[in-house]
Amino acid sequence: MAADRRLAAAWLFGAVSILQLHAQAMGLPVPPQLMSALPQPRHRRGADRDFATGPQGAGGAGFAGGRVRAGPVMAGEYRPINCYVCANRLCSGIVTAISMIGAKGDWVHLYRPKFVLAALQPPQDRLLSKLGGQPWGFPQNCWPVCPGCDNPMSMVAQLAHTLPVIDLGRAGSVLHLFFCANVACRTYGDIYGCRAMILQCQEIGNGVTLQPADKDAGQSINGELWIVAWDRHEDAVTPEQAPLFYDDRSHLNLPDEIAQPFGFDERWNTKAGGVPYWTGGGGVTLDRSYIPCPPFEFLLQIHSRIYVDGAPPGADLIDCLVSIYEEVGSETKWNHTWPTRQHAGSPNMSLIYKNGADSYGVDFVNFGSDGTAFVFIDRLSNPPEVRWHWNR
Ligand SMILES: [Zn+2]
């Protein structure tokens, strides 16, 4: 991957110089009321689980300690800044241009979700934050249809506003991400195949909303994982370095330990906050033809393989393929187990486990086999708007 990034340098474009990026980052005003809201001592590096939002975290309660934003819109002086995406001049100083706030010399924070497999839990009985499956209380008549193939889209995530991790701009909001899972569709892998909808709690009903059938009576339902906690971590990135993650040339020049602080470990590629860990072969995977400029900010990213603690359940329990492997000498030995009878409506999911490891992977969605979704939010628009795309 590192080699790919260097090779890609030959054709990469970049509209904003490192100096400009530094200047814009350093020149951003940090309102005094926000500074006073920040904890002064620096946190120790590494995992630091200090809260569990639980599935019911729609109100954002349950967080103790940590860095809390002063709200979706930060008061402050207005001054022009450069957009990190397109180099256009933006005239609002309240646009942060980076998705985190911190004092100079501090570290960026990120939040890593902890998952359980929905199939091993009691039936869902309330709204909770989750990936895949079918949404809770989603209005049936709002179910998005793909503009490319006219089939109902598949849900990728239903995420409740949970400060400070999932800041949807206002309490009671619930974000829904849908995509077209039809690999033959022209929108597959395209931004037009990715929909985001924010609903308010009062629009959410009771019970699981069933995904409508495709035109050919089939269905593509993603594997379902519930978020049971968020672990807070410090990144290797400072707020001053964060804008470098949005420019190809600058990103390429970053040492790997900053650009990919967790060594390309895909367990870190599903997270909220911080800077995007680009997983595409060419480094920064923003496409200037559609990427949201500020005031859009990075909200979260979701890798197609999610990790769950422990050893995997049996194939029949989970109703999907379970693959276990081990290294024997220079060989990799595989043991694949399919469920004896796959039930109708089984999710598109498979499990992978290295014998003896402390977690197993769940391929819950088909983002081109190993892709990642990148989600951005504009909290200054009314109502807040989310855009996202996935690539590999
Ligand atoms: Zn489609």
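1. Arg379 and Asp167 are both buried in this predicted model. Their side chains meet in a salt bridge, at 3.4 Å from N to O. The two come from distant parts of the chain: Arg379 sits in the loop between β16 (372-378) and β17 (385-391), Asp167 in the loop between β5 and β6, and 212 residues separate them.

2. Salt bridges with shared partners tie Asp167, Glu297 and Arg379 into one network. Over the whole structure, the search turns up 10 salt bridges.

3. Another one to look at is Glu224 with Lys130, where the closest N and O atoms are 3.0 Å apart. Glu224 is buried, and so is Lys130.

4. Then there's Glu266 and Arg305, whose closest N and O atoms are 3.5 Å apart in a salt bridge. Glu266 is in the loop between α5 (256-259) and β9 (271-272), while Arg305 is in strand β11 (residues 305-309), 39 residues apart. Buried or partly exposed? Glu266 counts as partly exposed because its relative accessible area is 24%, and Arg305 is also partly exposed, at 22%.

5. Asp214, in the loop between β7 and β8 (225-234), is buried yet has no salt bridge. The nearest side chain of opposite charge is Lys215, and that is 9.2 Å away. So what does Asp214 touch, leaving aside neighbours within four places in sequence? Its contacts are Asn151, Pro152, Gln219 and Ser220.

6. On to the metal. Cys146, Cys149, Cys180 and Cys185 each give their SG to the zinc ion, at 2.2 to 2.4 Å. The site is tetrahedral, with angles of 104 to 116 degrees among the four donor atoms. Along the chain, the donor spacing reads C-x2-C-x30-C-x4-C. Cys146, in the loop between β4 (130-131) and β5 (154-160), and Cys180, in the loop between β6 (173-179) and β7 (194-200), are 34 residues apart. Cys146 counts as buried because its relative accessibility is 1%; Cys180, at 4%, counts as buried as well.

7. Last, some strand pairing. Strand β12 (residues 321-328) runs parallel to β14 (residues 350-354), joined by five bridges, with Leu321 partnered by Ser350. β14 also pairs with β15 (residues 359-363), this time antiparallel and over three bridges; Leu351 has Val362 as its bridge partner there. Four residues lie between the strands of this β14-β15 hairpin, where Gly356 takes a positive phi near 95 degrees.

Note on methods
Residues are numbered from 1 along each chain as its sequence is written. This is a predicted model: local features need pLDDT of at least 70, side-chain atom pairs count only at pLDDT 80 or more; totals for chains, interfaces and linings use all residues. Side-chain values use heavy atoms; hydrogens and water are left out. Donors are N, O and S atoms within 2.8 Å of the metal (3.2 Å for Na, K and Ca); water is not among the atoms, so sites may look incomplete. Four donors count as tetrahedral if all angles lie between 85 and 135 degrees; four count as square planar and six as octahedral if opposite donors are over 155 degrees apart and all others between 65 and 115; anything else is irregular. Buried means under 20% relative accessible area, exposed over 50%, partly exposed in between (1.4 Å probe, protein chains only). Lys and Arg count as positive and Asp and Glu as negative; His and the chain ends are not counted. A salt bridge is a side-chain nitrogen of Lys or Arg within 4 Å of a carboxyl oxygen of Asp or Glu. Contact means heavy atoms within 4.5 Å. Two strands pair if DSSP finds at least two bridges between them.
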